[in-house]
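Please read it beside the model.

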Amino acid sequence: CVPFRPRIRQSISDAFAKYRHHSLLILYEASGTLAAAVGSQLAKPEYIQALPPPLMERFAALQNTDRDLFPLLECLSAVAMSMGLQFAPYAPSVFSRCLKLIEEGIFEAQHVVNPDKDFMIVSLDLLSGVAEALGPSIESLVSGSNLLNLLYQCMADVSDVKQSAFALLGDLAKVCFVHLRAHIDQFLEQLAKNLNPSSMPVCNNVTWALGEIALQMGGELRPYLAHFVTPLIEILTSPDKTIPKTLRENTAITLGRLGLACPDEVAPSLGHFIQPWCI
């Protein structure tokens, strides 16, 4: 579709001025698909002028309780990841709105029977997209915000919320670990509690986030190793065929990263997992 990208881009841009309600939901999906298809080219001026302004106009117009906000946030996540640092002008308003949605979701969970978790999940996912887009530049947004407190609370929520929360933890570890360091005891405690393949998607993100943290902490992770090495070995060596390949791969990578961080402590266990680790 490369020869038709300019026409597609212009058609989507024109459609934002004409479409209403249900048609806009289709347009959000089309915009997200275009963002994923063109990748980093979305950072070019012609795309920046065409896509983000109408999306952000809708973002500002919709109320936090409007279900139409849900697909728009999903779309913005794809747009942010493709735009990279060019998304920076839009990041502060998106960041603060996501925090507000998460706060409202946590409050609702404490006071409402069968609360709606969708806005919490998509907000956490969008924050992951913003972290990936901005890289270390997200530090200015994280600093002084209540993101880490909200993130910690999300780790005690239902599985779908946990899954997104641990994914965001890993993304933050990659780009602004300095802000995690003061709270690392709490986060490592939650990682240890949720390192359980009974919930595969959660466990997969926990394992990945732990590996990212290990890269940042190095030898400082030594006092916490006892909580992680044995469960990781059990996952890697388990005969349970329902454990997906992606979880075993992430487990092998994380064990390797723990070994790099604390070789003397991990080496004695090598004989228990060397064969499946190499395979």
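Buried means under 20% relative accessible area, exposed means over 50%, and partly exposed lies in between (1.4 Å probe, protein chains only). At 34% relative accessibility, L270 therefore counts as partly exposed. The model is predicted: local features need pLDDT of at least 70, side-chain atom pairs count only at pLDDT 80 or more, and totals for chains, interfaces and linings use all residues. Residues are numbered from 1 along each chain as its sequence is written, and side-chain values use heavy atoms, without hydrogens and water.

**Surface patch**

L270 sits in helix α16 (residues 270–278). Helices here are DSSP runs (H or I, at least four residues), numbered from the N terminus. L270, I274 and W277 form a nonpolar surface patch. Together they have about 230 Å² of accessible area, from the Shrake-Rupley method with a 1.4 Å probe. Patch residues have over 30% relative accessible area and no salt bridge; like charges are joined within 9 Å, and nonpolar side chains (Val, Leu, Ile, Met, Phe, Trp, Tyr) within 5 Å.

**Salt bridges**

How many salt bridges does the structure hold? There are eight. The criterion is a side-chain nitrogen of Lys or Arg within 4 Å of a carboxyl oxygen of Asp or Glu. The table includes some of them.

| Pair | Closest N and O atoms |
|---|---|
| K117 and D157 | 2.8 Å |
| E265 and R222 | 3.0 Å |
| E249 and K245 | 3.8 Å |

K117 forms a salt bridge with D157. K117 lies in the loop between α6 (91–111) and α7 (118–134), and D157 in the loop between α9 (147–154) and α10 (159–180), so the pair ties together parts that are 40 residues apart in sequence. Both K117 and D157 are buried.

E265 pairs with R222. E265 is in helix α15 (residues 263–266) and R222 in the loop between α12 (200–217) and α13 (229–237), so this bridge links parts 43 residues apart in sequence. E265 is partly exposed at 33%. R222 is partly exposed at 40%.

E249 and K245 share helix α14 (residues 245–261), four residues apart, about one turn. E249 is partly exposed at 39%, while K245 is exposed at 63%. Salt bridges with shared partners also join R67, D116 and D118 into one network.

**Helix pair**

Helix α2 (residues 22–38) packs with helix α5 (residues 69–83) at about 20°, axes 8 Å apart. Axes are lines fitted to C-alpha atoms over the stretch in contact, and angles run from 0 to 180 degrees between N-to-C directions. α2 and α5 are therefore roughly parallel (under 35 degrees).

How values were computed: Helices (H or I, at least four residues) and strands (E, at least two) are DSSP runs, numbered from the N terminus. Angles under 35 degrees count as roughly parallel, over 145 as roughly antiparallel, 65 to 115 as roughly perpendicular and the rest as oblique.
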